[in-house]
Amino acid sequence: MKKGLFYLFAMILFASVLVACGPDDAKESKGEKETAESSEMPEKPKSLKLWVNAEEKQEEALKEMTASYTEETGIEIEMVPVDMLEQVEKLDVEGPAGNGPDVIFQPHDRIGDLVLRGLVEPVDLGDAEKEYTDTALQAVQYDGDYWGYPAVAETYAMYYNKARVKEKPETMEQIMEIAEKDTDSSKDEFGFLMEAANLYFVYPFFSGNGAYVFANEDGKYDITDIGLNNEGAVKGGELVSEWFDKGYIPQDLTPDIMNGLFQEGKVSTIVNGPWMVRDYSEALGDDLATAPLPALENGEIPKSFVGVKSYMLSYYSENKEWAQDLMAYLTNFDSSMKYYDIAGELPARKDAMEDPIIADDPIYSAFAEQTQYGEPMPSVPAMQQVWEPFNDGLNFISKGEPVKEVLDEAVKTIQEQIDASGAK
């Protein structure tokens, strides 16, 4: 009996201890967890410096986006407008002097150069990685690391004038029929125009037939393997040659002349980028329409070059964790949609591209769809040695020179220039 009372007393005492100590212990554990979580980020800086592209609409969008970030975090954002193409050279000077930014805004094809100069550091996209499009992620990769938070994905598509084209063209065969029917150079009227002596625009008609710039395996380019004179490239070159031979596209066509003719209502279809939407809309109004690039004879949708603009982390930033926090905020869904609404540039996010505001837009939806078929421009420095020789080759093709010979010579020159430049 005494033994039973002893056990009963002991159990009551033990339960009392648990009741007294349990909540406090749990509270202490929770407090330790909160401390651990807060210690993952360093102390907040008073401000971060962001170099933005010096363009009115882009600046307007970013002012609103950064104001929201400041409201949420208390960190002031010093926005400095610097032309995007001048930021690299400026960072090379301002960074070491301690006057540089925490974050810059750059097209992805300059990543290789920035990395080799030691001006930027890789970023950790974390859980946000799955939110960006596959093409955008490919674009900001270099040597196995991510070097930017993708903000904008950009490619070109087909514009057409509904006053001249009654049904949306979907195949290259249809485009050629329109070109044959509507072209009358004596009246400066054309069925189909594009900058066909410019690799940037004409590349999809090569790549869709099996050509490539550099072989690419798992995000790594082999600059010794150039595919711009293979069998597919010859097919692409012959297609371009046909456009000029038949007079569909006049030789030495300039962008200004081409855009002017389209805005005057003298061109049925044209290949160009979303940066022309406002100008074309003002000129053609409700007659303006867009479509993805037309399918080739082999059934392939042409693989256009996709350019991705991203926020990149300066090597010289003293607030790298918070700079990345800012970049993640500027590329989240709400910020991306605000940027699209004000600046008119397509986001590099899956959810934004699928949002009805973009997916159902009568003009921008075609560009969004085309990015799914495109591929990023190579980001290796060797790419800078490709443009001029190949564009010279396209110019020779436009004047009737033999396609295979021209392409072989262009690739030979590209290889020689890469070797001379020391690019890797």
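## Nonpolar core

The largest nonpolar core holds 128 residues, and the members that touch the most others are Phe 192, Met 194, Phe 214, Trp 243, Phe 305 and Tyr 311. Domain 1 (47–154 + 307–376) and domain 2 (155–304 + 379–421) each supply at least three residues to this core. The model is predicted. In soluble globular proteins, nonpolar side chains tend to be buried together.

## Around Phe 192

Which residues is Phe 192 in contact with, leaving aside neighbours within four places in sequence? They are Met 158, Met 172, Ile 175, Met 176, Ala 179, Trp 243, Tyr 248, Ile 249, Thr 269 and Val 271.

## Strands β1 and β2

Strand β1 spans residues 47–52 and is mostly covered. Five of its six residues are buried. Its partner is strand β2, residues 76–81. The two pair in the parallel sense, over six bridges.

Trp 51 stands opposite Val 80. Val 52 has Pro 81 as its bridge partner. Between the strands, the chain passes through helix α2 (residues 56–73). This β-α-β crossover is right-handed.

How values were computed. Residues are numbered from 1 along each chain as its sequence is written. This is a predicted model: local features need pLDDT of at least 70, side-chain atom pairs count only at pLDDT 80 or more; totals for chains, interfaces and linings use all residues. Side-chain values use heavy atoms; hydrogens and water are left out. A nonpolar core is a set of buried Ala, Val, Leu, Ile, Met, Phe, Trp, Tyr and Cys residues joined through side-chain atoms within 4.5 Å. Buried means under 20% relative accessible area, exposed over 50%, partly exposed in between (1.4 Å probe, protein chains only). Domain bounds come from an automatic or database domain assignment. Contact means heavy atoms within 4.5 Å. Helices (H or I, at least four residues) and strands (E, at least two) are DSSP runs, numbered from the N terminus. Two strands pair if DSSP finds at least two bridges between them. A crossover is right-handed if, with the strands pointing away from the viewer, the path from the first strand over the helix to the second runs clockwise.
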